[in-house]
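Colleague: Could you walk me through this model, one question at a time?
Modeller: Gladly, here it is.

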Amino acid sequence: MPASTVGSVDRAKFDNKKAYVAQEEKGESFFDDGREIDLLHFVYGHPSIEEIRGSPANVLKAIDEYGRTRKYLMNVGDDKGRIVADLVAEVKPQVMVELGGYVGYSALLFGDAVRQAGGKRYFSLERNPEFAAVIMSLVDLAGLSDVVKVVVGSSAESIKRLHAQGSLEHIDLMFLDHYKPAYTTDLKLCEHLGLITLGTVLAADNVIKPGNPPYLEYVRSNVEKKRQALPSENSNGVDVHSAFGRNADMYKAREGEEKLSTEVKGNPNLVYESKLVNSFEPTGVPDGVEITRCVAVAE
C-alpha cells in the first residue's frame with residue numbers, strides 16, 4: 001500500500017513582521033472571550049472600510065491586522081493558508097467543506113479560491129452560533145455569499161443533515177480545523193456516507209500544534225491495518241483527555257461536551273496517500289498541514 005511521505009518547508013523563512021500577538025498562556029482563554037465580536041467592530045470601523053467591502057483579500061488583511069495589533073486569533077493564517085489555497089487551485093473542487101469556521105478566515109481565503117477555480121459551493125460548518133454569525137457577516141462584507149454557505153451546528157450532525165437533504169453528495173476537498181478529537185470520527189462518518197471517494201483530498205490543520213496522533217495514524221495506515229483494527233473497535237471515539245489535553249478541556253468548558261459520531265466505522269477500503277507539509281501558525285510557532293489523497297479503493 002502507498003506509504004506516508006513527509007514534505008517540509010524552511011522554518012527559517014517565517015516573516016516575524018507579520019506575526020500575530022502570542023497565544024495566551026496555559027490557563028488563560030484564547031477564544032470566545034469577546035474578541036470575535038470585537039473583531040467585527042474593528043473591521044467595520046476600519047478607516048479603509050470602503051476598500052474592504054467586496055474584497056476577500058482586504059477583509060483578510062483587516063483580520064490579520066487585528067491579530068497582529070490587538071489579540072491572538074486562532075486562524076489558519078497566511079502561511080498554512082497558502083498551502084491549502086494552492087491545493088484548491090490544483091484540485092479545482094466543485095464542492096469544498098470546512099469543519100470549523102471560527103471567524104471566517106479560512107472561509108474567506110478558500111471560498112474565494114474555490115470561486116476563482118470555478119467551484120460552486122464552499123460549506124463552512126461551525127458549531128458556535130456567535131462565531132457562525134461573525135463568519136456570515138464577514139463573508140457578506142467580502143462579497144462571497146454566492147459561494148460560501150455557513151452551516152450552524154455540530155459537525156457530525158451538520159454532515160448528516162446536509163447529506164440527508166441532498167445538499168452534500170460528494171466532497172472534492174475537505175479542510176479539517178475544528179474540535180481535534182472529531183477529525184477522525186468525522187472523516188469516518190464522511191467515508192460511511194460515501195462522501196469520500198477516489199480523488200477526494202483532505203487538508204488537516206494543527207497536526208503539529210497541538211497535534212492529532214489518532215488522525216495521523218488513521219490516514220497513514222494501510223488498508224490491511226485498518227481492516228484488522230475494525231472488528232476490535234468498541235467505538236469510534238478516542239481518549240479525548242489523554243490525546244488532546246488543554247485544548248479539549250477548554251473547548252468543553254466554553255462549548256460544552258461534544259458528542260463524537262461513534263456509531264460508524266468508516267470505510268477501511270479507501271486507500272490514502274498522506275504527507276505532512278511543515279509550516280507555521282500565524283504567531284510563527286511551527287505547525288503543519290497533513291495533505292491526504294484518496295488514490296484507490298481496495299477490493
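Modeller: Buried means under 20% relative accessible area, with exposed over 50% and partly exposed in between (1.4 Å probe, protein chains only). Helices (H or I, at least four residues) and strands (E, at least two) are DSSP runs, numbered from the N terminus.
Modeller: This is a predicted model, in which local features need pLDDT of at least 70, side-chain atom pairs count only at pLDDT 80 or more, and totals for chains, interfaces and linings use all residues. Residues are numbered from 1 along each chain as its sequence is written, and side-chain values use heavy atoms, with hydrogens and water left out.

Colleague: Which residue of β8 stands opposite Leu 202?
Modeller: Strands pair if DSSP finds at least two bridges between them. Four bridges join β6 to strand β8 (residues 286-297), and these two run antiparallel. Opposite Leu 202 in that pairing is Thr 292.

Colleague: Which residue in β5 is the bridge partner of Val 97?
Modeller: Strand β5 covers residues 173-176. It is joined by four bridges to strand β2 (residues 95-99), and the two run parallel. Four bridges also join β5 to β6 (residues 201-204), again in parallel, with Leu 202 of β6 opposite the residue you want. That bridge partner of Val 97 is Met 174.

Colleague: Are the two faces of β5 covered or uncovered?
Modeller: On one side sit Leu 173 and Phe 175, and on the other Met 174 and Leu 176. All of these are buried, so by the definition each is under 20% relative accessible area. Both faces are covered.

Colleague: Which helix makes a β-α-β unit with β5 and β6?
Modeller: The unit is right-handed: with the strands pointing away from the viewer, the path from the first strand over the helix to the second runs clockwise. The helix, residues 182-192, is α8.

Colleague: Why does His 178 count as buried?
Modeller: His 178 is found in the loop between β5 and α8. It touches Leu 99, Gly 100, Ser 155, Tyr 183 and Asp 186, not counting residues up to four places away in sequence; contact means heavy atoms within 4.5 Å. His 178 counts as buried because its relative accessibility is 13%.

Colleague: How far does α6 reach from its first C-alpha to its last?
Modeller: The expected span of a helix is 1.5 Å times one less than its number of residues. For the 14 residues of α6 the expected value is 20 Å, and the actual reach is close to that. From first C-alpha to last, α6 reaches 20 Å.

Colleague: Which residue just after α6 takes a positive phi?
Modeller: At the start of α6, a side-chain oxygen of Asn 128 comes within 2.8 Å of the backbone nitrogen of Glu 130. Just after the helix, the phi is about 80 degrees, and the residue is Gly 143.

Colleague: What separates the C-alpha atoms of Val 95 and His 170?
Modeller: Val 95 lies in strand β2 and counts as buried because its relative accessibility is 19%. Val 95 and His 170 are 75 residues apart along the chain, and their C-alpha atoms are separated by 7.4 Å.

Colleague: What percentage of the protein's residues is buried?
Modeller: The secondary structure comes to 12 helices and eight strands. Of the 299 residues in the protein, the buried ones make up 55%.

Methods:
A polar contact is a pair of N or O atoms within 3.5 Å; within protein, one must be able to donate a hydrogen and the other to accept it, and residues adjacent in sequence count only if both atoms are side-chain atoms.
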